[in-house]
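Okay, thanks for having me.

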Amino acid sequence: MNQLGIGFLSVFGLPPVKFVDLAADLECRCISMWVRGSALVPLGYPPFSLRDDAALRKDLVAALHHRGVTISLGDGFLVLPNAEAADLCPDLDVLAELGAARINVVSLDPDTSRTFDQFGALAGLAAERGLATVVEPVPGLTVGDLPTALAAVAHVGRPDFQLLIDTMHLVRSGASVCDLAAVDAGLIGYAQLNDTTLQPRADNYMEEAMFERMVPGQGELPLRDILSVLPAGIVLELEVPQRLSALAGVGPADRLRPCVEAARRLLAQLPR
């Protein structure tokens, strides 16, 4: 059975300890976490830095242990044109201290060759700290589709450097369920579950991806088919940001509870 998690993007900067409590209250035992949090949506949450705030790190570790939650993914790692993977070591140290399992990386460097080399360097640095690495293909970024992500995995050539499959990004990049089924299951290390329409709902792709996704089953993605070919046992992180609902006063628990319930219904329909 796959583990359900809650993605940090879904809660728009909710303070880390409150985020742990939210996940536990929804009976999800995994969360993704950013090292720094800021107000992507004006909900009154203060900014935080786990890198700079040792007391917050201590409180977060205590909350994770108390509520039985783990950080399944450290998100927000970027390859940038004029930066080196080694620059990210302080953030890797933080996530290792917090007991995170892996990090997620995307690239904003248009140089594909350099991007792949930086992925390899980052994966090596992460592994030194006990962290695996996943790469997320995102339409419009340097690694924007499944074939490019697979080329990155082949270039890095490490068993701890795998794919992150996000259901929206997968389908909107043009990949089919058959394309996903053809991927060696051992190359897929993590998944993010959400729904959307097949055609764009916003002029800017990243605007939709960052702020308005849909509860699983309420859109048009072939989620049951996608889930049926993903490896059993990987974390399925619910990454379902809903800005309009949040600004209308719907709290994070009420926004995410339908997502958790929908994900469990989908999983219950899969062949065992």
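Predicted model: local features only at pLDDT ≥ 70, side-chain atom pairs only at ≥ 80, totals over all residues.

Residues are numbered from 1 along each chain as its sequence is written, and side-chain values use heavy atoms, with hydrogens and water left out.

Let's start with T142. You'll find T142 in the loop between β7 (132-135) and α5 (146-156); helices (H or I, at least four residues) and strands (E, at least two) are DSSP runs, numbered from the N terminus. What does the side chain of T142 reach at 2.6 Å? That's the backbone oxygen of D109. A polar atom of the T142 side chain also sits 3.4 Å from the backbone oxygen of S107.

Is T142 buried or exposed? Buried, because its relative accessibility is 19%, and the cut-offs are under 20% relative accessible area for buried, over 50% for exposed, and partly exposed in between (1.4 Å probe, protein chains only). Leaving out residues up to four places away in sequence, T142 touches S107, L108, D109, P110, T112, T115 and T148, where contact means heavy atoms within 4.5 Å.

Now the charged pairs. A salt bridge here is a side-chain nitrogen of Lys or Arg within 4 Å of a carboxyl oxygen of Asp or Glu, and that rule gives 16 salt bridges. One of them is D21 with R67, with the closest N and O atoms 3.1 Å apart. That pair links distant parts of the chain, with D21 in helix α1 (residues 16-25) and R67 in helix α2 (residues 54-67), 46 residues apart.

R67 also meets D25 in a salt bridge, at 2.8 Å, N to O. Again the pair joins helix α1 to helix α2, this time 42 residues apart. D25 counts as exposed because its relative accessibility is 54%, while D21, at 27%, is partly exposed, and R67, at 24%, is partly exposed.

Last one: R201 pairs with E208 in a salt bridge, closest N and O atoms 3.4 Å apart. Here R201 is partly exposed at 40%, whereas E208 is buried at 2%.

Note on methods: Polar contact = N/O pair within 3.5 Å; in protein donor to acceptor, adjacent residues only side chain to side chain.
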